[in-house]
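Here is a short briefing on one structure. Please look over the sequence and the model before reading on.

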Amino acid sequence: MAIFTYGDVEIQYLKGRDKALGRAIDAIGPIRREVTPDLFSALVNSIVGQQISAKAHATVWERMRSGLGNITPRAILACTEAELQKYGISFRKASYIRAAAERVADGRLDIEALRLKPDEDVCKELVQLSGVGVWTAEMLMLFSMQRPDIVSYGDFAIQRGMRMLYRRAEITRKQFETYRRRYSPHGSVASLYLWAIAGAPRRA
């Protein structure tokens with residue numbers, strides 16, 4: 001199992017930049033979050049998990065892996081949309097997944113080349129895929145590509161973690177950007193702790 005990699009450099013930086021976050025880091029301790037290094041598999045997984053519970057997501061994903069083996073463009077394109085639906089996903093999701101597989105298979109999206117591009121360009125390319133928005137692109141950058149500086153404004157748990165940490169009734173976009181800049185260039189590790197503060201599922 002691959003785990004998001006970070007260490008003392010990131011922790012000491014964040015503790016030095018933000019005392020409130022530093023206290024939370026000390027209280028919570030190390031966080032282990034699983035990542036999916038294969039970007040196409042991670043992309044399919046993210047589409048499968050949209051708007052369903054974590055339990056349902058895990059069940060459907062296990063069915064797909066058991067039925068298809070490695071989640072590759074070839075494996076996806078060997079199935080019709082109706083066959084993909086039998087694993088427990090909607091017709092729309094099956095359509096999104098096949099469309100993504102087609103773009104990768106025919107070269108319109110060089111998914112491995114994304115690893116060499118800056119965050120902004122990765123996001124721009126991923127959101128061109130049907131069913132992929134900014135939040136999904138950011139989660140792929142964090143939990144597949146292990147980009148170091150991802151803090152998602154569109155993630156409700158991140159905002160909840162900020163509200164709890166800084167004792168605010170709400171987090172405006174301006175306040176969010178202030179905190180994001182404070183965490184940079186180690187925003188991804190800050191995100192792990194904000195999720196933990198918010199009570200989101202984590203592995204420790």
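Is D106 buried or partly exposed? D106 is partly exposed, because its relative accessibility is 47%, and the band for that class lies between 20% and 50%. The model is predicted.

**Helix α3**

- Helix α3 spans residues 39–48.
- The buried residues are L39, F40, S41, A42, L43, V44, N45, S46, I47 and V48.
- Their packing partners are α4 (54–68), α5 (73–77), α7 (91–105) and α9 (134–143).
- D38 caps the N-terminal end of α3.
- In that cap, a side-chain oxygen of D38 lies 3.4 Å from the backbone nitrogen of F40.

**N45 within α3**

- N45 sits in helix α3.
- N45 counts as buried because its relative accessibility is 17%, and the cut-off for buried is under 20%.
- Beyond residues up to four places away in sequence, N45 touches H57 and W61.

**Helices α10 and α11**

- Helix α10 covers residues 156–166, and helix α11 covers residues 173–183.
- Their axes come within 12 Å and cross at roughly 85°.
- That angle makes α10 roughly perpendicular to α11, because angles of 65 to 115 degrees fall in that class.
- From α10, the contact involves I158, M162 and Y166.
- From α11, it involves F176, Y179, R182 and Y183.
- By class, this contact has 6 nonpolar residues, no polar residues and 1 charged residue.

**Salt bridges**

- The structure holds 11 salt bridges.
- Side chains of opposite charge can pair when their charged atoms come close.
- One of the bridges joins the side chains of R108 and D106, at 2.8 Å from N to O.

- E177 and R173 meet through their side chains in a salt bridge of 3.1 Å, N to O.
- These two residues are 4 apart in helix α11, so about one helical turn separates them.
- E177 also forms a salt bridge with R180, where the closest N and O atoms are 2.7 Å apart.
- E177 and R180 are 3 residues apart in α11, so about one helical turn lies between them as well.
- Shared partners join R173, E177 and R180 into one network.
- What is the burial class of E177? E177 is buried, because its relative accessible area is 17%.
- R173 is partly exposed, with a relative accessible area of 45%.
- R180 is partly exposed too, with a relative accessible area of 26%.

**Q85 in α6**

- Q85 lies in helix α6, which runs over residues 81–85.
- Q85 is partly exposed, because its relative accessible area is 30%.
- Which residues does Q85 contact, leaving aside its neighbours within four places in sequence? Q85 is in contact with S90, F91 and A94.
- Q85 and G154 are 69 residues apart along the chain.
- The C-alpha atoms of Q85 and G154 are separated by 28 Å.

Conventions: Residues numbered from 1 in each chain as written. Predicted model: local features only at pLDDT ≥ 70, side-chain atom pairs only at ≥ 80, totals over all residues. Heavy atoms only, no water. Axes fitted to C-alpha atoms, helices over the stretch in contact; angles between N-to-C directions. Parallel < 35°, antiparallel > 145°, perpendicular 65-115°, else oblique. Contact = heavy atoms within 4.5 Å. Nonpolar A, V, L, I, M, F, W, Y, C, P; charged D, E, K, R; others polar. Buried < 20%, exposed > 50% of the residue type's maximum accessible area, 1.4 Å probe, protein only. Salt bridge = Lys/Arg side-chain N within 4 Å of Asp/Glu carboxyl O. Polar contact = N/O pair within 3.5 Å; in protein donor to acceptor, adjacent residues only side chain to side chain.
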